[in-house]
Protein chains: 2
Amino acid sequence: MSALETLIGELARLPGVGRKTAQRLAYHLLQQPRDRMLALATALQVVAEKVHPCDSCGQPTESLDCDICTDPRRDDSLLCVVEEPSAVVSLERAGAFRGRYLVLGGRLSPLDGIGPEALRIGLLERRLAGGLVREVILATNASLEGEATATYLQQLLGSYPTVKISRLARGLPVGGELEYVDGITLSHALTAREEL
Amino acid sequence: MSALETLIGELARLPGVGRKTAQRLAYHLLQQPRDRMLALATALQVVAEKVHPCDSCGQPTESLDCDICTDPRRDDSLLCVVEEPSAVVSLERAGAFRGRYLVLGGRLSPLDGIGPEALRIGLLERRLAGGLVREVILATNASLEGEATATYLQQLLGSYPTVKISRLARGLPVGGELEYVDGITLSHALTAREEL
């Protein structure tokens with residue numbers, strides 16, 4: 001196999017990148033100055049060598065503990081549990097949360113053979129055993145698997161009676177129109193209506 | 001800037017990859033075993049170091065001359081002129097052409113400052129000076145710029161009166177790019193090429 005075919009094959013392994021897109025990407029890279037291709041190669045190598053999950057929360061980091069875990073101004077009593085690192089990025093961009101995070105590294109999915117042992121449940125229990133956490137916010141996705149994961153965690157957290165458990169509110173997205181919101185969301189928004 | 005941010009920045013430079021997609025790709029790579037990321041890095045490095053345009057046709061190759069140029073079974077009298085290497089891949093996949101290629105490396109585009117000097121016109125003239133070529137098939141894209149490039153080449157080739165000039169049949173959909181045309185249409189366009 002030629003070097004170019006090898007590269008196309010590697011690019012085609014990326015999610016959402018088919019054979020044709022991989023070929024287009026490879027030829028695009030060939031048309032760039034060589035140091036552009038090497039810069040991407042180096043960036044990949046550095047990430048592969050230096051980035052690992054944070055010991056305290058599972059978020060990718062280059063240090064032993066991540067920036068959020070080592071930030072002294074954040075509230076230790078609030079722990080927000082998410083599925084993936086990208087959720088932390090979204091929540092931080094929203095800027096509405098000043099507590100700590102725990103990244104599970106996935107969601108329960110029995111059909112794909114993903115059980116609790118594949119998630120950072122042990123790390124979550126260690127955080128709770130620390131005694132600082134007063135509230136756990138279950139911020140898993142609003143998908144079927146995300147809900148199942150939240151339900152599992154809710155049962156697990158029953159053995160910490162002093163810890164409050166909450167989850168992100170379900171309801172209308174801001175700017176959303178009733179006409180286009182699905183029935184389940186609408187039912188929930190109605191049931192959980194807020195008194196004004 | 002963190003290693004992960006650097007990687008996301010590099011990925012976001014790829015065509016059709018926005019910031020959000022770059023982030024998704026980076027987090028996907030992080031979830032894979034580290035040797036997957038290193039395999040991609042190595043593939044990029046090998047291509048950057050070893051792949052260069054073929055001396056005879058401009059097609060990317062790891063040798064001095066590419067597989068097609070050194071294949072003794074191909075017809076030296078037929079020269080197919082294309083814009084990009086991906087067009088050679090498409091034509092070879094269609095399997096209807098047994099001559100040689102010349103990859104211009106782009107198309108005339110005065111608005112983008114791309115004139116004849118940016119294309120492999122000198123290499124084309126050298127091929128014609130060799131005296132083996134009896135017919136030049138202009139297989140530029142059926143876009144405005146591809147047509148302009150073909151017209152320019154047609155005028156240039158007027159100084160080789162013994163060389164027949166043809167172009168791909170008008171079977172190509174207007175505005176279509178070779179890379180995305182199906183093999184049957186491409187074969188037909190090649191067989192029904194029109195003499196100019």
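This is a predicted model: local features need pLDDT of at least 70, side-chain atom pairs count only at pLDDT 80 or more; totals for chains, interfaces and linings use all residues.
Q: OK, the interface. How many residues of chain B are in contact with chain A?
A: 43 residues of chain B are in contact with 42 residues of chain A. Contact here means heavy atoms within 4.5 Å.

Q: And what area is buried between chain B and chain A?
A: About 4200 Å², and carbon and sulfur atoms give 66% of that. Buried area is the accessible area (1.4 Å probe) that two parts lose on being put together, summed over both.

Q: How many salt bridges are there between chain B and chain A?
A: Two. A salt bridge means a side-chain nitrogen of Lys or Arg within 4 Å of a carboxyl oxygen of Asp or Glu. One such pair is A:Arg36 with B:Glu10, at 2.7 Å from N to O.

Q: How many residue pairs are in polar contact between chain B and chain A?
A: Ten, with both residues at pLDDT 80 or more. A polar contact is a pair of N or O atoms within 3.5 Å; within protein, one must be able to donate a hydrogen and the other to accept it, and residues adjacent in sequence count only if both atoms are side-chain atoms.

Q: Which helices of chain B supply at least two residues each to the side that touches chain A?
A: Helix 1 (3-11), helix 2 (19-31), helix 3 (34-50) and helix 5 (85-94) of chain B. Helices (H or I, at least four residues) and strands (E, at least two) are DSSP runs, numbered from the N terminus. Helix 3 of chain B gives the most, with 13 residues.

Q: How do the residues on that side of chain B divide into nonpolar, polar and charged?
A: There are 25 nonpolar, eight polar and ten charged. Ala, Val, Leu, Ile, Met, Phe, Trp, Tyr, Cys and Pro count as nonpolar, Asp, Glu, Lys and Arg as charged, and the others, Gly among them, as polar.

Q: Switching topic: strand 5 of chain B. Are its faces covered or open, and which residues tell us?
A: Both faces of strand 5 (residues 135-138) of chain B are covered, with B:Glu135 and B:Ile137 buried on one side and B:Val136 and B:Leu138 buried on the other. Buried means under 20% relative accessible area, exposed over 50%, and partly exposed in between (1.4 Å probe, protein chains only).

Q: Which strands does strand 5 of chain B pair with?
A: Strand 3 (residues 75-82) of chain B pairs with strand 5 in the parallel sense over four bridges, and four bridges also join strand 5 to strand 6 (residues 164-167) of chain B, again parallel. Two strands pair if DSSP finds at least two bridges between them. B:Leu79 stands opposite B:Val136, and B:Glu135 stands opposite B:Lys164.

Q: Why does B:Glu135 count as buried?
A: Because its relative accessibility is 8%. Leaving out residues up to four places away in sequence, B:Glu135 touches B:Ser77, B:Leu78, B:Leu79, B:Val163, B:Lys164, B:Ser166 and B:Arg193.

Q: Which residue's side chain meets B:Glu135 in a salt bridge?
A: B:Lys164, at 3.9 Å from N to O. B:Glu135 is in strand 5 and B:Lys164 in strand 6 of chain B, so the pair ties together parts that are 29 residues apart in sequence. B:Lys164 is partly exposed, at 36% relative accessibility.

Q: How many salt bridges are there over all chains?
A: 19. Among them, A:Glu147 meets A:Arg167 at 3.1 Å. A:Glu147 lies in helix 7 (residues 144-156) of chain A and A:Arg167 in strand 6 (residues 164-167) of chain A, so this pair ties together parts 20 residues apart in sequence.

Q: What about B:Glu83, buried or exposed?
A: B:Glu83 is buried, at 1% relative accessibility. Its side chain meets that of B:Arg107 in a salt bridge at 2.4 Å, N to O, and B:Arg107 is partly exposed at 22%.

Methods: Residues are numbered from 1 along each chain as its sequence is written. Chains are lettered from A and ligands numbered from 1 in the order in which they are written. Side-chain values use heavy atoms; hydrogens and water are left out.
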